[in-house]
Amino acid sequence: AVQFYRSGKDITEIPDDIPLDVTEISLSSTSITTIGPKAFSDFTQLTRFSVYFGILNSVADDAFENTAINYLSLQFNSIERIPDLSNISSTLQYVYFKSNKISIIPPSFFTGMNQLRLISLVDNRLTQLPDVHGLSLQYLILSKNNIVELKQSDFQDSSVFNLYLDD
């Protein structure tokens, strides 16, 4: 496994010295605000990606195209719009968007995420449950949002073993 770790407010863009055979990238406490189109498409062996404790506010929909990411953590940032992850939907197992500014999950967001086991959307601005129809999740973590109503139909054709909604 080839791992790449960087930390520091002086990092303002994705480092250009990441080895092409990297399997894990972790960037913490950076000043990166945007992850652009196809930013990681050359990293075909990338399975784990984290950017946390930063000021990231935008992730291009195709930023992770051609990767094999199964663990995606974009926690403690300023993301308002959740990116379309359909190009890695078949490999994703764990997704963390804790402590961002996300208010809406697009209806098609979970399409094709058959391997997904956990999604954490703790401490965002959600007012309604994301569409989880057809999913089999171990954990759906929605604590510290503004969700006020759940309907049985919200879970039609899905199985969620652990649902967290506490404040």
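Predicted model: local features only at pLDDT ≥ 70, side-chain atom pairs only at ≥ 80, totals over all residues.
Residues are numbered from 1 along each chain as its sequence is written, and side-chain values use heavy atoms, with hydrogens and water left out.

I begin with the chain as a whole. The protein chain has zero helices and ten strands; here helices (H or I, at least four residues) and strands (E, at least two) are DSSP runs, numbered from the N terminus. The radius of gyration, taken over C-alpha atoms, is compared with a globule rule of 2.2 Å times the number of residues to the power 0.38. For the protein chain it is 16 Å, close to the 15 Å that the rule gives for 167 residues, so the chain is as compact as a globular protein of that length. The C-alpha atoms fill a box of roughly 50 × 30 × 25 Å along the principal axes.

Next, the interior. Of the 167 residues, 46% are buried, where buried means under 20% relative accessible area, exposed over 50%, and partly exposed in between (1.4 Å probe, protein chains only). A nonpolar core is a set of buried Ala, Val, Leu, Ile, Met, Phe, Trp, Tyr and Cys residues joined through side-chain atoms within 4.5 Å. The largest such core holds 45 residues, and Phe49, Phe64 and Phe97 touch the most other members. Strand 2 (24–28), strand 4 (48–52) and strand 9 each supply at least two residues of this core. A second, separate core of five residues includes Tyr71, Leu118, Val122 and Ile141.

Which residues does phenylalanine 64 contact, leaving aside its neighbours within four places in sequence? Among them are Phe40, Phe49, Ile69 and Leu85, contact meaning heavy atoms within 4.5 Å.

Leucine 137 lies in strand 9. Is leucine 137 buried or exposed? Its relative accessibility is 0%, so leucine 137 counts as buried. Its C-alpha atom is separated by 4.8 Å from that of valine 160, 23 residues apart along the chain.

Finally, the surface. Leucine 150 is placed in the loop between strand 9 (136–141) and strand 10 (159–164), and is partly exposed, with a relative accessible area of 35%.

Thank you for your attention.
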